Amino acid sequence: MDTQKYDVVIIGAGIAGMVAAYECLNSNLSVLLIDRNSQDHLGGLAKLSFGGMALVNTPLQKRLGIKDSPSLALNDWLSFANFGENDYYPKLWAETYVNESLGQVYHWLRGFDLKFFPVVNWVERGLYQRGNSVPRYHVLWGTGHRLVERFSELLRNHKHNQKLKILFEHKVTELIKENNQIVGCIAEFESLPQQVVKFHSNFTIVATGGITGNLEKVRNNWYEPWGKPPTEMLNGAHPYSDGLVHMAVSRIGGNVTHLDKMWNYAAGIPHPKPQFENHGLSLIPCKSALWLDHTGKRIGPEPLVTGYDTNDLCYRISKLEKPYTWQVMNWRIASKELAISGSEHNPMIRDRKLFSFLKEILLGNHRLLRQLQNESDHFLVANDLRTLVDRMNQLNQNNFIEFETIERELKFYDEGIKRGKTFWNDDQIRRILQARTWKSEKFRTCNPKPILDPKSGPLIAIKLRLITRKSLGGIQTDLDSRVLDLKGKPMPGLYAIGEAAGFGGGGASGFKSLEGTFLSGCILTARSAANSIRKLN
């Protein structure tokens with residue numbers, strides 16, 4: 001078996017692994033960055049992400065008149081997290097995040113000429129529990145694609161880049177433990193399992209992501225109080241996010257916690273150009289659309305509205321009779337409100353084309369709607385409701401939706417709008433009006449008008465399923481990102497960062513996230529690990 005030696009071996013070349021590699025090079029350490037995927041997927045899911053980060057008390061917030069503070073952010077975080085008595089390190093990581101995201105993430109990234117779009121979005125406002133009391137969602141100008149691109153440049157041009165090796169298409173199967181010290185890992189070539197290599201290192205960092213790319217593991221770890229998992233789900237992660245190294249950590253005595261805590265989304269559609277089985281796209285669903293069950297009946301009594309509590313949306317949808325839902329709207333609503341999460345379907349932001357982006361915001365994203373209409377069989381367009389219902393039933397190859405049912409729901413909603421503002425008495429409308437009070441949301445949320453209004457363009461129905469995304473739990477770590485054993489003691493030589501560590505402590509977000517805590521959590525935990533290694537080296 002071939003053996004190679006490095007100061008640091010980092011398992012996983014997503015953004016957490018890339019940041020850790022950069023910081024270790026700054027300490028003049030030799031680094032091996034090893035990844036299962038091919039070279040063109042350097043950066044992992046971060047490269048495909050929208051680039052949103054929850055940041056606290058930033059200059060951008062202050063410029064927009066947002067009064068934020070670490071103490072307010074922590075109160076919001078704890079409201080959503082619902083930590084248990086034993087969540088000592090997750091709580092510490094939550095405190096670290098709200099106190100350090102300004103300096104360790106915002107200003108640090110700005111120092112690399114990475115910019116944020118000059119608005120702050122307000123997501124996860126909370127429903128039954130307080131979420132984000134103020135807007136905190138900062139979007140990188142260029143999306144996660146630009147973040148990965150920039151760190152690829154930083155690694156390539158680093159003054160110690162001769163000490164960096166990046167090895168692709170290799171799968172780590174085991175960690176090596178000698179004399180109670182983790183001294184490296186064993187990997188095999190992804191397409192040739194018999195080709196095995198051993199990597200020895202003083203320090204080993206796990207940065208492999210979570211488990212949500214494996215739908216079987218998602219179901220096996222489904223949150224028990226929610227009952228049985230949906231029979232149909234889409235994969236919004238990647239098949240390599242399968243927890244393989246989590247199991248290797250467990251085998252050598254590391255503590256893996258809270259794998260039943262996940263951050264899934266309620267509005268997925270099959271990817272029109274899938275790269276793997278059940279590959280999905282996560283839509284940012286429209287606030288002004290009616291969300292319906294498999295019969296065409298409006299889901300209630302409390303309507304489903306995005307932007308307040310993603311976790312609750314997933315819970316309620318998982319309890320429905322069928323594992324899919326529908327959103328019905330018109331072209332006017334969709335062109336203003338509908339989006340797809342990630343860099344792939346947001347080329348104007350990804351490629352930093354400001355004029356084109358502003359044009360789509362002001363005039364509607366008709367480009368995206370036409371693309372979906374041409375590419376996705378789950379995006380249905382019709383000039384009248386009866387034709388739309390026929391196409392919905394044709395897609396499902398059944399007649400579950402009765403025209404009279406869906407017509408009654410839409411007309412009842414529309415009639416309430418037609419009565420005028422004085423008589424608007426619908427929870428969905430109230431949330432729409434509240435969302436529009438914030439500047440950036442006003443541009444992305446329609447003023448209430450009837451859905452069946454012919455002047456608002458053709459009707460649209462989108463068939464949606466739950467789609468997986470992030471693991472909120474993971475390998476337990478301390479504030480130095482050192483992996484802890486079952487007794488809470490650090491395991492010498494072993495670190496975990498990013499999603500593999502539940503973004504810190506094995507579950508820094510607790511039960512649900514304030515959203516945007518993932519990329520920034522990767523950066524914080526990666527810098528923590530590298531700093532700890534620097535002190536020990």
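**A residue in a loop**

Modeller: Gln397 is exposed, with a relative accessible area of 74%, where exposed means over 50%, buried under 20% and partly exposed in between, computed with a 1.4 Å probe and protein chains only. This is a predicted model, in which local features need pLDDT of at least 70, side-chain atom pairs count only at pLDDT 80 or more, and totals for chains, interfaces and linings use all residues. Residues are numbered from 1 along each chain as its sequence is written, and side-chain values use heavy atoms, leaving out hydrogens and water.

Gln397 lies in the loop between α14 (385–396) and α15 (403–418), the helices being DSSP runs of H or I with at least four residues, and strands runs of E with at least two, numbered from the N terminus. The phi of Gln397 is near 55°, a positive value in a residue other than glycine. Most residues other than glycine have a negative phi.

Thr143 also has a positive phi, near 60°, but its place is in helix α6, residues 143–156, and Thr143 is buried, with a relative accessible area of 0%. Another backbone feature is the peptide bond from Gly300 to Pro301, which is cis, with omega near 10°; Pro301 sits in the loop between β13 (290–292) and α9 (310–318).
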